[in-house]
Amino acid sequence: MLSVERIHSYYGKAHILSDLTFEVRRGEVVALLGRNGAGKSTTMKSVMQLVRPRKGGVIFQGRDLVGEPAFRVAKWGIGYVPEDRRIFTDLTVLENLEVGRQPARTDAPHWTTDQLFDIFPNLAERRANRGKHMSGGEQQMLTIARTLMGNPALLLLDEPSEGIAPVIVEQMVATILKLKDQGLTVMISEQNLHFARAVADRAIIIEGGEKKFDGSFKDLEAHPEIRDAYLSV
Ligand SMILES: Nc1ncnc2c1ncn2[C@@H]1O[C@H](COP(=O)(O)OP(=O)(O)OP(=O)(O)O)[C@@H](O)[C@H]1O
């Protein structure tokens, strides 16, 4: 579904991603792991074209995205939830969801607000509340639900477990597994190995903008030296 091919991304002169290659296959949940500053957010932004790779390709469903504007990438079916979750604080939960509505597509699950309220019961209880009265974890859930209203084929979640209470993290695990059950393809970036292992089929580890590991969590467990070198546990 997504093939990132030897991309190089920069901020000004700073070379952040170097020759990075990986794939995301339809229906899988992939975790992009690495320490603070490893380049996880830059990788997601490079897929979305919020950072434009200077070399290499980002092929999504047969089309190279490099150089396209981010709004078009979203329209073609990639939903992106950035780290600094942004909701409309003066709008209600239901209104926030309506803002994200996009037409259904044939190659991706189609979501209605009722289906999303089934998957996010906390949001259902608060559907008439304004965003500003919600906790960080609820706001995170609302951002994900609003992105799903765009009916993406691929969902990119940048550090969904960051800064939220442990009980909400457990709910987030359950939520992502439900999305996978519905056939959604998901890539999450994470520093939390426990969370990643609970939701993902495969791990990609990056450090200094380069790929250091790509494989199953079982393979990763068989190589504790990789975990110790590139992840904080
Ligand atoms: N807007 C920017 N301008 C310049 N350098 C940046 C910018 N954003 C990130 N960087 C640098 O790029 C490198 C990769 O950052 P990135 O945010 O992609 O890492 P990350 O793995 O997502 O880490 P974090 O968990 O801290 O978000 C870091 O060295 C960071 O300081």
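Author: Let's start with a sorting rule: Ala, Val, Leu, Ile, Met, Phe, Trp, Tyr, Cys and Pro count as nonpolar, Asp, Glu, Lys and Arg as charged, and the others, Gly among them, as polar. Keep in mind that this is a predicted model, where local features need pLDDT of at least 70, side-chain atom pairs count only at pLDDT 80 or more, and totals for chains, interfaces and linings use all residues. Numbering runs from 1 along each chain as its sequence is written.

Reader: Okay, which residues are around the ligand?

Author: A residue is near a molecule if its C-beta atom, placed from the backbone, lies within 6 Å of it. Here that gives Y11, A14, I16, G34, N36, G37, A38, G39, K40, S41 and T42. Two elements give two or more residues each: β2 (14-24) and α1 (40-48). Such labels are DSSP runs numbered from the N terminus, helices being H or I with at least four residues and strands E with at least two. By the sorting rule, the shell holds 4 nonpolar, 6 polar and 1 charged.

Reader: And which element gives the most to that shell?

Author: That's α1, with 3 residues.

Reader: Now the sheet: in what order do the strands come?

Author: Strands pair if DSSP finds at least two bridges between them. This open sheet has 6 strands, ordered β6-β7-β8-β3-β9-β10, with mixed pairing. β6 (78-81) and β10 (210-215) each have a single partner strand, so one side of each is left without a neighbour in the sheet.

Reader: What joins β3 to β8 and to β9?

Author: Bridges, and both pairs run parallel: 5 bridges link β3 to β8, while 4 link β3 to β9 (residues 202-207). For example, V30 has M187 of β8 as its bridge partner, and L32 has I204 of β9. Further along, β7 (residues 154-158) and β8 (residues 185-190) are also parallel, with 5 bridges; L157 stands opposite I188 there.

Reader: Is β3 mostly covered or uncovered?

Author: Count C-beta atoms, placed from the backbone, within 10 Å of a residue's own: 20 or more others means buried, 12 or fewer exposed, and in between partly exposed. In β3 (residues 29-33), 5 of 5 residues are buried. Both faces are covered, with V29, A31 and L33 on one side and V30 and L32 on the other.
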